[in-house]
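Here is a short briefing on one protein model. Please keep the sequence and the structure open while reading.

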Amino acid sequence: MKLYPAIDLRGGQAVRLYQGDYDRMTVYNADPVAQAQQFIDAGAKYLHVVDLDGAKDDTTANLQTIAAIAKLGGLKIEVGGGIRDEARIQRYLDLGADRCILGTVAVKNFDFTAEMAQKYGAQIAVGVDMKDGAVAVNGWKEVTPEPGVAFCRRCANAGVKAIIATDISRDGTMHRELLTIPGIEVTASGGIAAMAELAELSAMHCHAAILGKSIYTGAIDLAEAVRLYEGE
């Protein structure tokens with residue numbers, strides 16, 4: 001199982017939001033590049049980066065920070081946050097990102113998402129936020145009527161190869177149904193707070209997991225997690 005430590009960027013700093021709330025933000029490291037290096041030192045091979053400014057304001061304020069992290073080398077980086085057109089996808093890929101994550105736009109403009117999935121293949125992932133089993137967009141502010149599992153099936157049928165699934169109301173537990181959808185790799189995200197949850201995800205044959213707050217607070221030791229789960 002691949003492990004993606006997470007760096008959420010806002011104002012050039014590594015931060016975490018509580019349940020997507022910009023008013024409930026904790027700064028964990030003022031130097032995201034140094035933070036990425038710490039992850040490399042712990043043995044990480046993958047990195048999940050979200051540009052919170054891009055997601056909120058449609059800016060590229062953190063572009064240079066992401067470029068600097070990519071220049072460190074040694075990490076396969078996925079980037080999300082405010083990616084709504086092909087130009088930004090291409091820009092991130094040119095910087096050295098391994099893949100781009102489409103979030104709200106995947107729901108709002110499904111035809112675009114299908115087109116990008118067909119064109120870029122595994123370099124595109126779709127981030128699916130769920131609340132009470134339904135797809136949520138715009139930082140969970142808007143809940144759609146479509147069940148998350150049904151939307152993920154629709155993505156798979158359109159050629160999407162990777163889903164990053166976050167269920168805000170279940171704090172990191174995964175729908176087993178998602179793992180039965182053929183043709184997609186599922187990454188679990190959100191609220192993974194303990195090694196026991198990683199063990200559960202691994203036993204379910206989940207493709208990958210994103211680790212955020214738990215590794216910043218020390219609840220999960222990243223080096224130990226990498227040793228246990230990526231060495232499988």
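The model is predicted: local features need pLDDT of at least 70, side-chain atom pairs count only at pLDDT 80 or more, and totals for chains, interfaces and linings use all residues. Residues are numbered from 1 along each chain as its sequence is written, and side-chain values use heavy atoms, with hydrogens and water left out.

Helices and strands are DSSP runs (helices H or I, at least four residues; strands E, at least two), numbered from the N terminus. Buried means under 20% relative accessible area, exposed over 50%, and partly exposed in between (1.4 Å probe, protein chains only).

**Helix 10**

- Helix 10 spans residues 222-230, and its buried residues are Leu222, Ala225, Val226, Tyr229 and Glu230.
- These buried residues fall within an arc of 100° seen down the axis, so they line one face of helix 10. The arc is taken from the directions from the helix axis to the C-beta atoms.
- Their cover includes helix 1 (32-41), helix 8 (195-203) and helix 9 (213-217). Strand 1 (2-10), strand 4 (46-51) and strand 12 (208-211) also belong to that cover. Contact here means heavy atoms within 4.5 Å.
- At the start of helix 10, a side-chain oxygen of Asp221 comes to within 3.1 Å of the backbone nitrogen of Ala223.

**Helix 7**

- In helix 7 (residues 148-157), the buried residues are Gly148, Val149, Phe151, Cys152, Cys155 and Ala156.
- Down the axis of helix 7 they fall within an arc of 160°, so they line one face of the helix.
- They pack against helix 5 (104-108), helix 6 (110-120), strand 7 (124-131), strand 8 (134-137), strand 9 and strand 10 (162-167).
- Just after helix 7, Gly159 has a positive phi of about 105°.

**Thr144 in strand 9**

- Thr144 sits in strand 9 (residues 142-147). Thr144 counts as buried because its relative accessibility is 14%.
- Its side chain reaches the backbone nitrogen of Glu146 at 3.3 Å.
- Neighbours within four places in sequence aside, Thr144 is in contact with Val107, Ala134, Val135 and Val137.

- Strand 2 (residues 13-18) and strand 3 (residues 21-29) run antiparallel, joined by five bridges. Strands pair if DSSP finds at least two bridges between them.
- Tyr18 stands opposite Asp21 in strand 3.
- Two residues lie between the strands of this hairpin, and Gln19 takes a positive phi near 50°.

**Salt bridges**

- A salt bridge is a side-chain nitrogen of Lys or Arg within 4 Å of a carboxyl oxygen of Asp or Glu. The count comes to seven.
- Asp8 and Arg16 form one of them, at 3.0 Å from N to O. Asp8 counts as buried at 11% relative accessibility, and Arg16 counts as buried at 19%.
- Lys45 pairs with Glu230, the closest N and O atoms being 3.2 Å apart. Lys45 lies in the loop between helix 1 and strand 4 and Glu230 in helix 10, so this pair ties together parts 185 residues apart in sequence. Lys45 is partly exposed at 41%, whereas Glu230 is buried at 17%.
- Glu142 and Lys108 meet at 3.1 Å, N to O, in another salt bridge. The pair links distant parts of the chain, with Glu142 in strand 9 and Lys108 in helix 5, 34 residues apart. Glu142 counts as partly exposed at 31% relative accessibility.

How values were computed: Polar contact = N/O pair within 3.5 Å; in protein donor to acceptor, adjacent residues only side chain to side chain.
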